[in-house]
Structures are given as structure tokens and as C-alpha cells.
Amino acid sequence: MNKFYYSILTLLLISFSGYAQVTTNPEIVVASEPVTITVDVTGTGLQDYTDDVWLWTWIKEGNATGDAPTNVNPATAAQDAAKMTRSNEDPNIYSITLTLSEFYNVDAADMDVVGLLLKGRDWSNGQTPDYSIDISEPGFSVKITQPSTFPLFLNEGDNLNIEATAAEEASLSLLVNGNEVASTIGSILSYTLEAGVPGKYVVTLNGTSGEEEASDSFTFLVREESPTASRPEGVIPGINYHENDNTKATLCLQAPDKQSVYLLGDFNNWEIDPDYQMNKDGEFYWLEITGLTPNKEYVFQYLVDESIKIGDPYADKIVDPANDPYISNDTYPDLITYPDNNVISGIATVLQTGQTPYNWEITDFDKPASEDLVIYELLIRDFDIRHDYQGVLNHIDYLAGLGINAIELMPIMEFDGNLSWGYNPAFFLASDKYYGSKNELKRFIDECHKRGIAVILDMVLNHTHEKNPIAQLYWDYDNNRPAADNPWLNPEAKHPYNVFNDFNHESSYTKAFVDTVNNYWVNEYKFDGYRFDLTKGFTQNFNTDVNAWSRYDQSRIDLLTRMTDKIWANDPSTYVIFEHLAENSEELVLANYGIMLWGNMNHNYNQITMGYAEESDLSWAYYGTRNWNDPNLISYMESHDEERMMFKNINYGNAEGDYNTRELKEAVDRTTAAAAFYYLIPGPKMLWQFGELGYDINIDFNGRTGEKPIPWDNSGAGLDYNLDDDRTDLYDGFAKIISLKNDYGVFRSDNVTMFGGNTLIKELLIENDTDTDSPASVDEMDVYVVGNFGVSETSIAGHFTHTGAWFDYFSGKQLDVASTEQAVVLKPGDFKIYTDFRISEEVITSVQDAVSNDAQWGFYPNPVLDRLQLKTDGLNNYSVKILDINGREYLSEENLQENAWLDVHTLKKGIYIIRISNSNHTFAQKFVKN
């Protein structure tokens, strides 16, 4: 056994942090024989713990691998066989006696290395780090018992005490680099070695008993100062691939005030080798690696100051032993496995030269104007049972049919765990493998761009998880927080409500990191913009004063506009959206700078859908009421953070007589009415996933950030929302309202008047810029929206801009207005959208095809009874598919000619998606089958 790979009883992390020893009696452990394991938990998460403690153990290496049968969390009386005994002399010392092969119920010959830790009743009660125990075969064996912590570094001239033992009296000899330095006849050998010149040394123990032979060994290094050399031109922190030589890569780590860095990885068999000590260039460490196999993935870590093991903070792929085993092969085929040795610990990173680039189909995507955005906020985990990009693509035509023109992905960079919301990021340039590969993410974005849908990334740069290498490099283990000398992070957060570890945004190191991250996702993945989480935290000026935190802070503005300038210098068309939620005085400055900002209107809109007037004023949803110059307010009825509106409608809504807002149909109608006001107020909009289906599962179901049921009927345990007429009616209502917003320029007007205040009668008036009473074209159209959010029928005095003909958007019926204050009678929950220009019932929904000779693609009528007329002037040899909103195909036609007819009379009543496509472009649109 080579002890460089297999330490006797402790993992590297234990020696790094000064944790006490784990010991066994006997010292040579045989799986089929009893052993007493003793653990001193001083300095671990169980120090001074007073409740019961359990052993959690697993077979790390051997023909049998996996957890012990007693590994159950939380521990109960059923796990008594794994309960540790606390010492009477020292309450931080625990022991247990067992026979490992019986404990695991496996053959002793199938066990080579056992991993273990101690924990309280559950993980939240505290635990120790991981430890390892090597298993020896029965019969004659030898073991070096001291030293017992590795890696081992010595200075030239240092003395090293070596202790060795044999299972029985034997002839023992000790060799250093092949030269014998000590020998004895017996069961114990002791020797004091004086370290020689700098270099690598192998210590070997050989033993002979009769005809049986055994050996053990370990490796140590005699220190040498880091070689100094200037970085080659162009080498930056991270993995630097050589453009013309796929057998090389240069790794670079920025580590101020650190003294030495070694590279460990598949390329050097994970050996700490002087040849892989990195060159020092000021605060940067770098080394060129040669002899790599192109396109082969190599796992590696940095060993910093002989004790800290980290991956590369700028790597685009990680290997995570705790979470990778739960990623399906369907989502990520042939995922590289975690190295099987005792040198590596924690998350490592991957380098791969000669990667096959993704072949982008859309290279010149024309982003929707920011004021026209209709953003769909989406959590990949909860959107489809697959939990991956392909799962979302299975429903992409459903989203296109809704009329949205942007998808905002909740964080997808590598975060701790697989099932998180993503706001605990650890590796900021690595896409989380649980959602799919890098190229699958690129394909997702490409497919969205084909449909005219921009993709926005939810970016978390306020804080980071402790597994981030830049946190681990400078960590205060005593206080479990970033160390005071961390160049990137604050030891304690500088603002209230911080989570995880707070970035110091005034640090030049953080600024450089932020700029690198922001440039990367736009350049590498063609993301169209960012929604930045918790930007109010980009400050060093507050600690616990919540009210002060929200007030005007010029230093915060300076930091945020600096970051934005860098983003726009890289790509001026990038959307920049802040979740800021500060006082308007500060948001005004940011908005007028060109930054879009979230505006939480959930409470106000939910009040009217439930039928309560208090705090129901909607005027704050319009940017003009905030004195902003431009439509940069993204108000929202729902986001991931709020209780779902439909849940509150159904559980807490108002009622009067026979009318009850808690009934699903009424709740749906009222939500549609609220959507008419929300979407038609000029400016960018956002909806949280499945708001268009009235998702009504409590946000705290399975824990606030826990998995939620999938709405589709084909998800196994789905909610069947797509088979529910009321819910698909809501989708249809949203789609028609969004379509109105998308299709007509009046919804860019800044001539907006809102009526109603904190009452349940709401009115919205949007006037065009021509000030005409008889519009000659749709460009001169005015719009008047009126809604009754009360619980009884009401006559409402109108606010029409002029007398004459007005038209109901949904029915097309004409209303002859004799007075601008002509009353509109509405039932509870009812609403009307009136336009003063007739919008034909046979409007052909179409998009401009940028490839096929400017052909207009579309269809009519919508809704349809029997046949659809395709409008594909100048287009031949294209295909058409019809799918339901769950993505299931009902009709497929190939090689169609221009302006073909489709027979759809066999389709059941409901909402469908028609998809028209050729080799260059895809158009999808929702239609209703009556």
C-alpha cells in the first residue's frame, strides 16, 4: 500500500485544519476481525456536543462499495449499532468496536478502504470531516504508523520520526529512495530520518516472515521555494488553452500572499511532484502542462501552501463527489467520474483541450427592444420532470404560443447541491451539470433564438457559497467565515439579509472577477442579458439597519454603473436588469442610466384578484408615476419569491352572496382581468412560470425552495393543468392579452392615465401620440381598459377619449359611445379592453422570416373549427406540426407548398401550437380549436 495515496487514518482536510487524530486498535485493521475506532472531535463541528453521536461510514474502495446499512438520516433507535460511546475522561473523544465485514454484511476480501465521519442526530446538528481507514488482508502485514498525516513537507535538515509495526515478529527493513537506512528483527521498527536536499523522497518498509512478504510506503517532499518566472503573454487566471497546440494548457491561479502551489491531477497521477510546482509571478502562480491528449478530460486541483486543495475558480466544468452521482445519463451522457484515490478531496475541476465547439444556427439574433420584453421567469428544476434543458425544450412551442419573447433562467451556474434554486453559487463560469452539458445549454439558447425568444441569465454576484475556491483560499475555520485577508470577500456581510458569503464590491479583485463572469456568459453562450440578484447588496456601507440600507447610496450607484459600463463595453445590446428594490431616489438614477429594475407589485395585484381594496393601487406599476424618463420598470404580479397568487385567491379570496372569488373559475377570470391591466401598461413585463395556468401550490410546499409538483399530465405525478379547461382558458387569456401588447405600437406610448387608486374599480387609458378622434390606422389607436374587481355587479363611469365607435377586443363587437363618461356595466371579476380601431377577428398572426425572401408566415382563422389556411407566401417545401400545449404531437405534414390548407376537424376542443419550419427558421403560434 502506497501511503501517499492512502493515509492511515485521516484525510488531508483533517491535517490541514489541525484536527485531532483518529486511531484504531489494533493499528493494522483486518475487515474480518474486531477493531475499536476512536475519534477525537476537538476542532470539528461536534466539539463540545452533548447529544448522541453516530458513525456514518461507507466503503470507499474495493469490490464492494457503498454506504453501511446503518446510514440513515436522521438517526433513530434503529441505528443503535452505529451509536458512538463517549469517553468518561474526555467528552470530545468517541469510540466504537465492530467487525467491519459483519457491519457492512459483505465479504472481507471486497473491502480495501473505508470512509467514515461522525454526526449528530441529523446533519444540521454538526459533524466531523471525512476520515479514511485502510483495510489489510488477513495474515502477515506491515504498516508505517508514523507519520500519519499527509501530504508531508519537510525543510532540509528536519528530523522525521518513523514508526512501523508488523502483525507478527519478522525481518523488517526501511529504505529511503531504495537505500536501506534501518533494519531489525521483531514487530516494531523506529527510525529518525534527517531530511536531505530539496526533492521528492519515497520511504518503503519491507517485511519478511517465513515465506510471506509485505510492504508499505509513503512519500514526502523537502521544500523548495516556488520558482519565479513571468507569465507568458496573454496568460490570465484560469485554464489557458493553446490555440495551435491541443497537447498543452497553461493553468494560472491568482493567490495573493500564498507561498506555494502544486498541481495535482490525472496528468501526473495525483502525485505531489516538484516538477508540478507552479511558477510564481507576483501574486499569480502558473504552469504549462504538456503531453495532454486532445479532447480528453483531465480532473485537477491546486494544492496551495501545502494544505488547501481547491479547483480552479474560473473552470467551466467541475466534478463533485456529493452530487454528480445523482445526475442521469439522459441529462448528461458519459459524465466523467470522480477520481478514485485518497489524494483528492472536495470539488475538483476539469480541463479539456480540443473541445468540439457548438455549431450555432442563429448567429445574428435580433433582440426584442427592452421596452417590449415579456419575460418568462423559469426554474428548470420545476418546469418538467426531466429537470433539464431538454425538458424545457419539450414545451418551447407552448411558451412561444403564450407570446413571451424572453426567458429568464434562474441561476444555472454550478451551485451547491442539485436541487437548489441556484442562489448559492460556487463556480461562476461552470454551468450546472444537473441541467445538462454546456452544449445542451447552447442548444437551448439557439432554439429559443430561432423562435425570437431572448434568454436572460439570473446572475448572483452579491455573494457566494463557501465551496467557491476564492472563499476556500482564505477561510477562517475558527469562525466559519471568510478570513480577514480574503481579497474578494467580507468576513461579515456589510448589509442586512445577506446569505452565504458577501462579496466586497469595492475590492479591485472582486471588480475583475465580476467583469470576467459577466463577459463570459454573453460571449461563450450568447446570453442576451442578465437579471442581477440582490443588487442592493453591492455596498460596504450598512450592517443591520434595513431602512438605511434601502436609502440613496452614491457609492453603490457608482459600483453598479461601473459594472454596467463594462457589460455594455463588451456588448452594448446586453439587457441589464436589477433586483434592487431600493428607494425611488436611487432607482431613478439607475433607471435613467438605462438599467431595467424589478418592481414588486405582487401584493397590489393579488389584492384585486382576491377582491380587497386595501393597498390595491396599481399606479406604481407604471414607470411614469416614478418620474423615470424611460420605460425601464419591470413590475410583476409574481416572481419566484412570492406566494402564488392563485393559492391566495383560492384560500383567502373575498365573497358576497353566490359570488365567491375562491372558486377556481372565478379566480381564473379575475387573474385574467388583472393581466389585462398588467401587460397593457407600457414597459417590459415578467411572469413567473405557470402563472398563466394558475399554479396554486403553496410556495412553502416541500420547503420554500424545495421541489414542486409539475403541472403537465405526462409527468407521472403531474397536476394535469393542461387538461383543465379553466386553466387553459387562463393561458388563452394571457396569450391574447400579450399578443395585443406585442402587436400594436400604442403600448409604447407614454400618454398613460390610471384610475382607481385603492378601490376595486380599475381603469387604464393609453392614448396614441396623434390626438385624433377618428383613427385612420391602427397606429392612431387609443385603448381603454376597465375592470370590476369587486364582488358585485357595478356600473362604472367611463373615461373614453372620444365619442363614436369603440370595439371590444375579445368579441369584436362595436360599442357606440355617446359620452366620454358613458357607463360600462360589469359583473364581478369582469373586464373590457376597448380599442377605437377595429382589430379584425381574422388578423393573421405572423412573423418576419429573415431567411426566406421576406415571406410572411402565419395562419387563420383563430379560433378554428375545421380548416386552417396557412399564409406562407413565397415559401415551399416546409413542414408543419401541431402539438398540444404539453408538447405532444397530433399532426405532422412535410413538403408543403405555399398557402396550403390544413384539415384540423379531428382535433378535440382545446389550445394547440402550430409550428411552421424549414431548414433555416421556425415559427410557432398558439391557436384555439373550437
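1. A word on burial before we start: a residue is called buried under 20% relative accessible area, exposed over 50%, and partly exposed in between, using a 1.4 Å probe and protein chains only. The model is predicted, so local features need pLDDT of at least 70 and side-chain atom pairs count only at pLDDT 80 or more, while totals for chains, interfaces and linings use all residues. Residues are numbered from 1 along each chain as its sequence is written, and side-chain values use heavy atoms, with hydrogens and water left out.

2. Let me begin with the aromatic rings. Rings of Phe, Tyr and Trp (its six-membered ring) pair if their centres lie within 6.5 Å; planes under 30 degrees apart are stacked, over 60 edge-to-face, and the rest tilted. Searching the whole structure gives 51 aromatic pairs. One of them is the stacked pair of Phe-267 and Tyr-276, with 5.9 Å from centre to centre and 25° between the planes. Tyr-276 counts as buried because its relative accessibility is 19%, and Phe-267 is buried too, at 15%.

3. How are the rings of Phe-859 and Phe-927 arranged? Their planes meet at 70° and their centres are 6.1 Å apart, so this pair is edge-to-face. Phe-859 belongs to strand β49 (residues 856–860) and Phe-927 to strand β55 (residues 922–929), so the pair ties together parts 68 residues apart in sequence. Strands (E, at least two residues) and helices (H or I, at least four) are DSSP runs, numbered from the N terminus. Phe-859 is buried at 1% relative accessibility, and Phe-927 is buried at 0%.

4. Do look at the aromatic cluster as well: its members are Tyr-376, Phe-383, Tyr-398, Phe-690, Tyr-695, Trp-712, Tyr-721 and Tyr-731. Charges also sit over rings, a term that asks for NZ of Lys or CZ of Arg within 6 Å of the ring centre and within 35 degrees of the ring normal. Lys-258 lies over the face of Tyr-474, 4.4 Å from the ring centre, and Arg-867 lies over the face of Trp-901 at 4.1 Å.

5. Next, an open sheet. Its 4 strands run in the order β15-β16-β19-β18 with antiparallel pairing, where two strands pair if DSSP finds at least two bridges between them. β15 (238–241) and β18 (279–281) are the edge strands, each pairing on one side only. β15 and β16 (residues 249–254) share 4 bridges, and Thr-250 in β16 is the bridge partner of Asn-240. The loop between β15 and β16 holds Glu-243, which is exposed at 76% relative accessibility.

6. Is Thr-661 buried or exposed? Thr-661 is buried, at 0% relative accessibility, and sits in the loop between β38 (659–660) and α14 (664–680). Its side chain reaches the backbone oxygen of Asn-654 at 2.7 Å, and a polar atom of that side chain lies 3.5 Å from the backbone oxygen of Met-610.

7. Finally, helix α8 (residues 508–525). Buried residues of α8 include Phe-513, Trp-521 and Tyr-525. At the start of α8, a side-chain oxygen of Ser-507 comes within 3.1 Å of the backbone nitrogen of Tyr-509. After α8 comes Lys-526, with a positive phi near 60°.

Conventions:
A polar contact is a pair of N or O atoms within 3.5 Å; within protein, one must be able to donate a hydrogen and the other to accept it, and residues adjacent in sequence count only if both atoms are side-chain atoms.
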